[in-house]
Amino acid sequence: MADTSMIHTIGRRKEAVCRVFLTPGSGKWSLNGRTLGDYFPRPALVTAIQQPFTATDTLGTYDVQANLTGGGQTGQAGALRLAIARALALEPKILLMDE
C-alpha cells in the first residue's frame, strides 16, 4: 500500500533533472544515497536548496529523498530547489501568504 503523505514532484534546470519525494519527518536528506552536505559541498548551493523550506518555515519537518541526473552541480541544485518548491506548493497545510 502506498503512503498517501508522500509528495512526489520533478524539477528541471538546464540539463539537470531531479525527482524528489517529500515525507513528513525529521529533516533527513538522501540525494542519490548521500547526505545534502556530502552531495553539495558548496555552502551557497545548500543555502539555495533550502530556501523553499525557509520561506515556508518548514525547515526540518520533511524528509527529502531525491534522484538527480544530468547537468552539473549548479544545475542539479536548481532542479532540486524547484522540485522542493513544487512539492511544498502541493502540500495543503503550507500557507505561502499571511492571513
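Which residues of α3 are buried? They are Gly 75, Gln 76, Ala 77, Ala 79, Leu 80, Ala 83, Ile 84, Ala 87 and Leu 88, where buried means under 20% relative accessible area with a 1.4 Å probe and protein chains only. The model is predicted, so that local features need pLDDT of at least 70 and side-chain atom pairs count only at pLDDT 80 or more, while totals for chains, interfaces and linings use all residues. Residues are numbered from 1 along each chain as its sequence is written, and side-chain values use heavy atoms, with hydrogens and water left out.

**Sheet**

- An open sheet of 4 strands has the order β1-β2-β4-β3 with mixed pairing, strands being DSSP runs of E of at least two residues and helices runs of H or I of at least four, numbered from the N terminus.
- Strands β1 (residues 7–13) and β2 (residues 16–24) pair in the antiparallel sense over 7 bridges, where pairing requires that DSSP finds at least two bridges between two strands.
- His 8 stands opposite Phe 21 in β2, and in the hairpin of β1 and β2, with 2 residues between the strands, Lys 14 takes a positive phi near 55°.
- β2 also pairs with β4 (residues 62–69) in the antiparallel sense, over 8 bridges, whereas β3 and β4 run parallel and are joined by 3 bridges.

**Helix α3**

Definitions and conventions. Buried means under 20% relative accessible area, exposed over 50%, partly exposed in between (1.4 Å probe, protein chains only).
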